[in-house]
Amino acid sequence: MVYKTHGTCSKQIEFNLTDGKVHNVNFTGGCDGNLKGICSLIEGMDAKEAIEKLEGIPCGFKKTSCPDQLAQALKQAL
């Protein structure tokens with residue numbers, strides 16, 4: 001799936017869902033090291049668990065963040 005982000009430095013998120021598990025997450029743009037860490041941590045995680053952990057995380061004064069946008073993308077995919 002490809003998800004166009006809103007309100008973040010990253011422009012889009014690509015990922016696969018297989019049997020409800022998150023795989024191959026890749027962000028375009030954003031904070032490279034932090035996003036690689038997030039991608040590594042949620043690899044193989046149940047999408048619903050990832051949503052619970054990531055949804056609502058802000059970035060600075062923004063009401064959203066790259067992790068929050070990933071949660072929104074996963075919700076849309078489910």
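**Strand pairing, pocket and core**

A: In strand E2, Glu-14 is the bridge partner of Val-2. The model is a predicted one, in which local features need pLDDT of at least 70 and side-chain atom pairs count only at pLDDT 80 or more, while totals for chains, interfaces and linings use all residues. Residues are numbered from 1 along each chain as its sequence is written, and side-chain values use heavy atoms, with hydrogens and water left out.

Q: How many bridges join E1 to E2, and how do these strands run?

A: Strand E1 (residues 2–4) is joined to E2 by three bridges, and the two run antiparallel. Strands are DSSP runs of E with at least two residues, helices are runs of H or I with at least four, and both are numbered from the N terminus. Two strands pair if DSSP finds at least two bridges between them.

Q: And how many bridges join E2 to E3?

A: Six bridges join E2 (residues 12–18) to E3 (residues 21–28), again in an antiparallel arrangement. Leu-17 has Val-22 in E3 as its bridge partner, and Asn-16 stands opposite His-23 in E3.

Q: What do E2 and E3 form?

A: E2 and E3 form a hairpin with two residues between them. Asp-19 is in the turn and has a positive phi of about 50°, although Asp-19 is not a glycine.

Q: Is Asp-19 buried or exposed?

A: Asp-19 counts as exposed, because its relative accessibility is 77%. The cut-offs are under 20% relative accessible area for buried, over 50% for exposed and partly exposed in between, with a 1.4 Å probe and protein chains only.

Q: What about the phi of Asn-24?

A: Asn-24 is not a glycine either, yet has a positive phi of about 55°. Asn-24 is placed in strand E3 and, at 52% relative accessibility, counts as exposed.

Q: Changing topic, what is the volume of the largest pocket?

A: The volume of the largest pocket is about 160 Å³. Here a pocket is an open set of points on a 1 Å grid over the protein atoms alone, where a 1.4 Å probe fits, with protein on both sides within 12 Å along at least five of seven lines; lining residues have an atom within 4 Å of a point. Grid points are joined across faces, edges and corners, and the volume is the space filled by probe spheres set on the points.

Q: Which residues are closest to its centre?

A: Of the 13 lining residues, Cys-31, Leu-35, Cys-59, Cys-66 and Pro-67 are the closest to the centre of the largest pocket. Helix H1 (32–42) and helix H3 (66–77) are the elements that give two or more residues to the lining, and H1 provides the largest share, three residues.

Q: How does that lining divide by residue type?

A: The lining of the largest pocket has seven nonpolar residues, five polar and one charged. Nonpolar covers Ala, Val, Leu, Ile, Met, Phe, Trp, Tyr, Cys and Pro, charged covers Asp, Glu, Lys and Arg, and the others, Gly among them, are polar.

Q: How many disulfides are found?

A: A search of the whole structure finds zero disulfides, a disulfide being a pair of cysteine sulfur atoms within 2.5 Å.

Q: Where is Pro-67, and how far is it from Glu-55?

A: Pro-67 lies in helix H3 and counts as buried at 13% relative accessibility. Glu-55 and Pro-67 are 7.0 Å apart, C-alpha to C-alpha, and 12 residues apart in sequence. Glu-55 is in the loop between H2 and H3 and, at 37% relative accessibility, counts as partly exposed.

Q: Finally, which residues touch the most other members of the largest nonpolar core?

A: Among the 20 residues of the largest nonpolar core, these are Ile-13, Val-25, Phe-27, Ile-42, Leu-70 and Leu-74. E2, E3, H1, helix H2 (47–54) and H3 each give two or more residues to this core, and H3 gives the most, with five residues. Such a core is a set of buried Ala, Val, Leu, Ile, Met, Phe, Trp, Tyr and Cys residues joined through side-chain atoms within 4.5 Å.
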